[in-house]
Amino acid sequence: MLVNNLKSMAKILTNQRDVPFELSFKYPLEKGYTFKEMSIKNIKEFQNFLDKVSRMTVQQVDKLYAKKPDADDNYKGMQIYHYGVSDSFRIHVVLEAGYYKIIRMDPNHKVHK
């Protein structure tokens, strides 16, 4: 019952598109997709992305930065969504309880190229 309530809560919150876009870290970043693999340039690109999306709604961020998800790309049973930080840099997130949790930093767009 708790699992169903959480799933329906996530669906309800994702339907509210005019709410602030919020990113966070909850899970360990996947091996090979951490800050360790990022260059100074990548860190600056990520900071620029954060500066922009921190003033946007989910709808605005999706319109400008969302990439088509791969139905087979899941993490702990949750769909993984991709956002373009730059032409070659993606972040991969899961949506949990209305918040986007980063699980991969993909500065060289290795996943789902």
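The following exercises, with worked solutions, concern the packing of a predicted model.

Residues are numbered from 1 along each chain as its sequence is written. In this predicted model, local features need pLDDT of at least 70 and side-chain atom pairs count only at pLDDT 80 or more, while totals for chains, interfaces and linings use all residues; side-chain values use heavy atoms, without hydrogens and water.

**Exercise 1.** Identify the residues of the largest nonpolar core that touch the most other members.

*Solution.* A nonpolar core is a set of buried Ala, Val, Leu, Ile, Met, Phe, Trp, Tyr and Cys residues joined through side-chain atoms within 4.5 Å. Buried means under 20% relative accessible area, exposed over 50%, and partly exposed in between (1.4 Å probe, protein chains only). The largest core has 19 residues, and Phe46, Phe49, Tyr83, Ile91 and Met105 touch the most other members. Two or more residues each come from α2 (40–53), α3 (58–65), β5 (90–96) and β6 (99–106); helices (H or I, at least four residues) and strands (E, at least two) are DSSP runs, numbered from the N terminus. A separate core of 6 residues includes Tyr27, Tyr75, Ile80 and Ile103.

**Exercise 2.** Determine how the buried residues of α3 are arranged around its axis.

*Solution.* First, list the buried residues of α3: Val58, Val61, Asp62 and Tyr65. Next, they fall within an arc of 100° seen down the axis, so they line one face of α3; the arc is that of the directions from the helix axis to the C-beta atoms. The face turned away from this buried side carries the exposed residues Lys63 and Leu64.

**Exercise 3.** Classify Phe35 by its accessibility.

*Solution.* Phe35 lies in the loop between β1 (23–24) and α2. Its relative accessibility is 38%, so Phe35 counts as partly exposed.
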